[in-house]
Amino acid sequence: MNEEIKENTKEQNNPEHRKRIHTLKKMIVGILLSLLLLPTILSVVALGQIHQLNMQLNQSLLILSDLSMQVQEVRRIAEENNSQDVEIDTNASQPTGQLQQITMEDAAPSDSYEGMRKVCLTFDDGPSRNTDAILDILDSYGIKATFFVNGHPGFEEQYRRIVDEGHTIGMHSYSHVYSDVYASLEGFAMDTLEIRTYIRELTGEECVYYRFPGGSSNTVHTMPMQECIDYLDTMGITYFDWNVSVGDALGYERSVNAIVDTTMAQINALDAQTIVILMHDAPGKETTVEALPILIEKIQALDNVAIVPITEDVTPVHHVIQ
Ligand SMILES: [Zn+2]
């Protein structure tokens, strides 16, 4: 027995043994502290996230309530205007079957191009990897154009270039998915708010121009287009269709010659003071980029013509709603 006590005392006095006990104590204290602190830290993080979510929810509710009021206002205006006919002027000749009758209002307010035919180059569906090349070409000719953009994350620099280099940026819906954009007036309003906010946050520009995916005369949905038009009107947004198309929205790539020839033929046949040309700066439209310098030079060679971006001085071109 004495032997055993002696042995234990010897072991307790051993420095290695004391060190082990000390380490063990430290580990136990560490584990206890962790068990106490961990829930506290997790609670603080969770509270912070709940607060943030709460703020986002409040913001979304505010936007929704605002939107709901706007939709009600549009409905009210649409009901008031229901009996009014869309103004039609059949004077403008139409060079192709694809184009429809357009509404040409009185001359735009006086501006530096008064009396000249105005040609607006408009690019839909971008930005894309082709946008930089188009911007470079426009810059080399000192020309300003109009870009009706969709939401394309990854091309932030191109949105900024469009605005910084003095071109007009317009909306062409965020998603460009017909079944979403035209699902309902609420869906259209939400999509418009999304692209408008996206452009504002990237460029600081409050967009006031819109081009409907498929144009205002598209028949891809059953929703009354007039409701969308009235909604844009209440939001202070002007929509633009086109009266000349370079034909690059087809399923195949058009040759440069075909683009130039058909475009110039349409311009020459069109008896209108405002010419709005539909082009696309989407992926796969490389021949549009190649044709652009030739088109610019041919248009500049016409008498009494100015290539201008869309502004309040440009009379909107509207397809007639059927
Ligand atoms: Zn489009």
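The structure is a predicted model, in which local features need pLDDT of at least 70, side-chain atom pairs count only at pLDDT 80 or more, and totals for chains, interfaces and linings use all residues. Residues are numbered from 1 along each chain as its sequence is written, and side-chain values use heavy atoms, with hydrogens and water left out.

**Zinc site**

- The zinc ion has D125 (OD), H172 (NE2) and H176 (NE2) as its protein donors, lying 2.1 Å from the ion.
- Donors are N, O and S atoms within 2.8 Å of the metal (3.2 Å for Na, K and Ca); water is not among the atoms, so sites may look incomplete.
- Along the chain, the donors of the zinc ion follow the spacing D-x46-H-x3-H.
- D125 lies in the loop between β2 (117-124) and α3 (131-141), and H176 in the loop between β4 (168-171) and α5 (178-181), so the pair ties together parts that are 51 residues apart in sequence.
- Helices (H or I, at least four residues) and strands (E, at least two) are DSSP runs, numbered from the N terminus.

**Backbone geometry in the loops**

- Most residues other than glycine have a negative phi, and most peptide bonds are trans.
- The peptide bond from G126 to P127 is cis, with omega near -5°, and P127 lies in the loop between β2 and α3.
- In the loop between β4 and α5, S173 has a positive phi, near 80°.
- H176 is in the loop between β4 and α5, and its phi is also positive, near 60°.
- S173 is buried, with a relative accessible area of 0%, whereas H176 is partly exposed at 22%.
- Buried means under 20% relative accessible area, exposed over 50%, and partly exposed in between (1.4 Å probe, protein chains only).

**Packing of α6 and α7**

- Helix α6 (residues 185-203) packs with helix α7 (residues 225-234) at an angle of about 40°, their axes being 10 Å apart.
- Axes are lines fitted to C-alpha atoms, for helices over the stretch in contact, and angles run from 0 to 180 degrees between N-to-C directions.
- The crossing of α6 with α7 is right-handed, the near helix being turned clockwise from the far one by less than a right angle.
- L185, F188, A189 and T192 of α6 meet E227, C228, Y231 and L232 of α7, where contact means heavy atoms within 4.5 Å.
- The residues of this contact divide into six nonpolar, one polar and one charged.
- Ala, Val, Leu, Ile, Met, Phe, Trp, Tyr, Cys and Pro count as nonpolar, Asp, Glu, Lys and Arg as charged, and the others, Gly among them, as polar.
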